[in-house]
Amino acid sequence: MSIFDNLKNNISTPSNSQQPASGSYTFTFNALPESLAEMQALPEASLDTPYKTAALTVCALCAYAAAPEIGKEMLNFLKGPVPLSGYEISFLNDRFRDGKHVPFSYFAGATPENDYTPSVPFSVTVFSNPYSFPEDGRATLHLNSGGADSPRQIKLRLKPSEGKWYLEEQMIMVGVRTPKSADPWA
């Protein structure tokens with residue numbers, strides 16, 4: 001039984017990522033990882049670019065929506081040397097009370113009209129802008145949500161001794177438009 005069964009997602013096996021050369025990278029997964037081991041088996045788990053870490057952050061937040069302990073393990077892996085704080089855990093728990101659909105809204109095809117059910121395979125695009133790399137070893141990358149008008153941000157930090165980019169802060173678990181099935185005005 002999949003951890004995502006209750007979230008209306010049919011999940012199978014992960015695939016490789018696709019990376020255009022434009023500062024915009026699209027990552028495609030045949031399935032979302034359902035455990036830390038599955039996440040670590042993905043090619044993106046090398047964390048050698050901030051884009052890969054940002055894409056996996058969306059996957060980890062989807063797992064958190066289905067199984068908070070598994071999502072927490074994944075997020076701690078992505079955070080590297082600084083695990084989730086009590087505040088961050090409390091923030092996530094608060095956001096997931098009513099918004100289990102929010103992280104799914106970053107995948108292609110997920111809109112309020114279809115209750116944020118993404119297209120399969122799961123595809124997420126992470127992009128930079130001229131201000132994304134304010135200093136060496138820091139990045140602020142952007143993602144579009146099918147339920148928001150402006151891009152959302154994920155901040156990442158490079159650990160030079162490992163050559164890995166870790167999640168520093170995510171600002172993607174904020175409100176999106178109400179899914180059609182939950183909208184009394186739909």
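1. Helix α4 (86-96) is packed, through its buried residues, against α2, α3 (68-79) and β5 (164-171). Contact here means heavy atoms within 4.5 Å. Helices (H or I, at least four residues) and strands (E, at least two) are DSSP runs, numbered from the N terminus. The model is predicted: local features need pLDDT of at least 70, side-chain atom pairs count only at pLDDT 80 or more, and totals for chains, interfaces and linings use all residues. Residues are numbered from 1 along each chain as its sequence is written, and side-chain values use heavy atoms, with hydrogens and water left out.

2. The buried residues of α4 are Ile89, Leu92 and Phe96. Seen down the axis of α4, they fall within an arc of 65°, so they line one face of the helix; the arc is that of the directions from the helix axis to the C-beta atoms. Gly86 and Tyr87, on the other side of α4, are exposed. Buried means under 20% relative accessible area, exposed over 50%, and partly exposed in between (1.4 Å probe, protein chains only).

3. The protein chain has 4 helices and 5 strands, in the order β-α-α-α-α-β-β-β-β from the N terminus on. Of its 186 residues, 46% are buried. Among contacts with a separation of 6 or more, 57% are between residues 24 or more positions apart.

4. In the largest nonpolar core, which has 51 residues, Phe107 and Val124 touch the most other members. Such a core is a set of buried Ala, Val, Leu, Ile, Met, Phe, Trp, Tyr and Cys residues joined through side-chain atoms within 4.5 Å. At least two residues of this core come from each of β1, α2, α3, α4, β2, β3 (138-143), β4 (152-159) and β5. The most come from α2, with 12 residues. Leaving aside neighbours within four places in sequence, Val124 has contacts that include Tyr25, Thr26, Ala55, Phe107 and Leu143.

5. There are 3 aromatic pairs, where rings of Phe, Tyr and Trp (its six-membered ring) pair if their centres lie within 6.5 Å, and planes under 30 degrees apart count as stacked, over 60 as edge-to-face and the rest as tilted. In one of them, the ring centres of Tyr25 and Tyr51 are 4.1 Å apart with planes at 50°, so the pair is tilted. Tyr25 belongs to strand β1 (residues 24-29) and Tyr51 to helix α2 (residues 50-66), so this pair ties together parts that are 26 residues apart in sequence. Tyr25 and Tyr51 are buried.

6. The ring centres of Phe107 and Phe122 are 5.5 Å apart and the planes are at 65°, so this pair is edge-to-face. Phe107 is in the loop between α4 and β2 (122-127) and Phe122 in strand β2, so the pair ties together parts that are 15 residues apart in sequence. Both Phe107 and Phe122 are buried.

7. Thr26, in strand β1, counts as buried at 16% relative accessibility. The side chains of Thr26 and Thr125 are joined by a polar contact of 2.8 Å.  A polar contact is a pair of N or O atoms within 3.5 Å; within protein, one must be able to donate a hydrogen and the other to accept it, and residues adjacent in sequence count only if both atoms are side-chain atoms.

8. Some backbone points deserve a check. Val120 and Pro121 are joined by a cis peptide bond, with omega about 10°. Leu47 has a positive phi, near 55°, and at 1% relative accessibility counts as buried. Asp115 has a positive phi near 60° and is in the loop between α4 and β2.
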